[in-house]
Amino acid sequence: MFVCFSMAGSQPPMSSNPVFPLVPAAIPATCRESGSLLTTEFSNTNLFVSYDDSRRIQRIKKMFDEAQLSVSAYDTAWMAMVPTPTSSMEDSPFFPQCARWILDNQLSDGSWGLPLPRRDPSLIKDALSSTLACILALQRWGLGEQQVTKGIRFLDFNSASLKDQKQHVPIGFDIIFPGMIDYAKDLGLNLPFKSTDVDAMLAKRNVELTSSGFGRNAEGRRAYLAYVSEGIQHSQDWDMVMKYQRQNGSLFNSPSTTAVAFSHIQDPDCLRYLYAVLDKFENAAPAIYPLDIRSRLSVIDTLDSLGVARHFTNEIKMLLDKTYQCWLQGDEDIFLDTTTCAMAFRLLRVYGYDVSSGNAAQIHENDRLSPFSEDCFFNSLEGYLKDKTAVLELHKASQIIYREEPILEEISSWTMKFLKQEFCNGSIYVDQPGESISTKLS
């Protein structure tokens with residue numbers, strides 16, 4: 001995943017007016033919870049009467065203090081599967097608190113994952129992945145026989161969803177889920193899936209793993225295969241995977257990917273990251289950590305969209321001051337995530353900070369890549385996955401332009417083309433209530 005905008009530059013002060021008007025903000029997919037909470041607090045029906053509601057405003061102000069991340073049963077399960085890396089204790093979990101969390105947090109229908117009242121019917125494959133991962137973790141350590149049995153019943157009852165084309169498909173599902181089925185066989189588990197379905201999934205997995213000829217997407221594909229390491233395991237090229245390790249010790253800020261890597265190569269920096277996750281969340285893990293900058297910027301974005309940002313002037317300034325310092329320092333939590341980088345660029349410019357759209361080589365001297373050019377983006381993990389949220393954020397960032405900025409003009413052109421094509425294909429939607437993608441692209 002590559003950087004976008006540079007830290008240095010000589011753009012005119014922010015008092016100058018942008019050539020293009022600000023595009024309405026959208027809530028990033030990974031920050032929907034914060035956005036939905038804010039939308040609830042300031043819904044269309046009570047927007048004006050709630051302006052002077054000090055208690056409501058105080059609740060929202062707390063969102064600036066700390067990012068609120070939900071724990072992930074899936075990622076917690078992979079941390080629970082990490083064995084103690086000593087010959088004398090190889091049959092015991094390194095993180096027993098994660099195994100206990102799994103035992104204590106099975107849902108009434110036998111699944112693990114999103115609570116039932118909040119689970120969208122189109123997310124059954126996500127529930128199947130989380131549930132199978134938790135079953136594997138318990139079976140790995142000989143724990144929770146009743147929970148395992150109940151979880152298998154859930155898999156059986158919902159097995160038809162595996163072939164349902166209308167179901168949302170989690171990232172890497174076609175590699176990871178068959179990989180977990182293989183692991184279940186190694187553990188002696190008899191899963192309730194038809195042999196023909198399993199064979200079809202394994203064949204599809206093999207095709208995806210052995211495909212070649214990706215051209216400009218070659219680097220993005222390598223990043224993708226590293227990201228879904230839990231579905232590859234013993235066949236994985238761990239030297240390749242570790243090229244994506246971040247300064248905090250993680251792989252892609254993903255507890256599950258990092259846990260699998262540590263299980264195989266016992267990298268001390270991976271362990272440092274996993275300890276940091278549990279220091280923060282005690283006995284479970286979120287799907288992404290850290291996500292502080294992105295989720296807090298999302299709060300500002302949502303407040304701007306709702307027209308109530310003026311009630312939080314001090315909080316917004318403090319947060320953007322910190323974000324600007326991170327920008328100047330080249331913080332990888334900004335520059336290794338396209339969505340965060342684009343959102344930070346846009347909001348910092350809108351609020352008067354001097355940020356440049358200059359040469360990305362100033363940040364990644366070894367890569368010498370043009371910032372967010374079409375080729376650069378589609379040769380990244382997000383580009384390989386056709387991350388529409390990232391492209392939409394890039395498009396909005398490209399509209400905050402001063403005089404002639406060819407870089408932003410180029411980004412605006414290719415992102416517009418991509419988003420319109422995806423919209424026409426029916427594969428894109430906008431999370432923001434009451435907004436359409438056609439409004440954003442008009």
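Select Phe252. Phe252 is buried, at 7% relative accessible area. Here buried means under 20% relative accessible area, exposed means over 50%, and partly exposed lies in between, using a 1.4 Å probe and protein chains only. Phe252 sits in the loop between helix H10 (238–241) and helix H11 (255–265). Helices are DSSP runs of H or I with at least four residues, strands are runs of E with at least two, and both are numbered from the N terminus. Check the backbone too: phi of Phe252 is near 65°, a positive value in a residue other than glycine. Most residues other than glycine have a negative phi, and most peptide bonds are trans.

A word on the model before moving on. This is a predicted model, in which local features need pLDDT of at least 70 and side-chain atom pairs count only at pLDDT 80 or more, while totals for chains, interfaces and linings use all residues. Residues are numbered from 1 along each chain as its sequence is written, and side-chain values use heavy atoms, with hydrogens and water left out.

Go to Gln266. This residue lies in the loop between H11 and H12. Gln266 also has a positive phi, about 50°, although it is not a glycine. Is Gln266 buried or partly exposed? Gln266 is partly exposed, with a relative accessible area of 38%.

Next, select Tyr289 and Pro290. The peptide bond joining them is cis, with omega about -5°. Pro290 is placed in the loop between helix H12 (268–281) and H13.

**Helix H2**

Show residues 54–65, which form helix H2. The 12 residues of H2, at 1.5 Å a residue, should span 16 Å. That expected span is 1.5 Å times one less than the number of residues. The end C-alpha atoms of H2 are 17 Å apart, which agrees.

Now color H2 by burial. Arg56, Ile57, Ile60, Met63 and Phe64 are buried. Look down the axis of H2: the buried residues fall within an arc of 105°, so they line one face of the helix. The arc is that of the directions from the helix axis to the C-beta atoms. Turn to the other side of H2, where Arg55, Lys62 and Asp65 are exposed.

**The nonpolar cores**

In soluble globular proteins, nonpolar side chains tend to be buried together. A nonpolar core here is a set of buried Ala, Val, Leu, Ile, Met, Phe, Trp, Tyr and Cys residues joined through side-chain atoms within 4.5 Å. Select Met79, Phe95, Ile102, Phe177 and Met180. Of the 71 residues in the largest nonpolar core, these touch the most other members. Helix H5 (residues 124–140) gives the largest share of this core, 10 residues.

Zoom in on Phe95. Which residues does Phe95 touch, not counting residues up to four places away in sequence? They are Met79, Ala80, Val82, Leu271, Leu274, Tyr275 and Leu278. Contact means heavy atoms within 4.5 Å.

Stay in H5 and pick Ser129. Ser129 is buried, with a relative accessible area of 9%. Leaving out residues up to four places away in sequence, Ser129 touches Tyr74, Phe173, Phe177 and Met180.

**Salt bridges**

Side chains of opposite charge can pair when their charged atoms come close. A salt bridge is a side-chain nitrogen of Lys or Arg within 4 Å of a carboxyl oxygen of Asp or Glu. By this rule there are 12 salt bridges.

Start with Arg222 and Glu219. They form a salt bridge, with the closest N and O atoms 3.1 Å apart. Both lie in helix H9 (residues 218–227), 3 residues apart, so about one helical turn separates them. Arg222 is partly exposed at 39% relative accessible area, whereas Glu219 is buried at 18%.

Move to Asp301 and Arg346. Their closest N and O atoms are 3.2 Å apart in a salt bridge. Asp301 lies in helix H13 (residues 292–306) and Arg346 in helix H16 (residues 338–350), so the pair ties together parts 45 residues apart in sequence. Both Asp301 and Arg346 are buried.

Finish at Lys388 and Glu422. Their side chains meet in a salt bridge, 4.0 Å from N to O. Lys388 belongs to helix H19 (residues 388–398) and Glu422 to helix H20 (residues 406–424), so the pair ties together parts 34 residues apart in sequence. Lys388 is partly exposed, at 25% relative accessible area. Glu422, at 10%, counts as buried.
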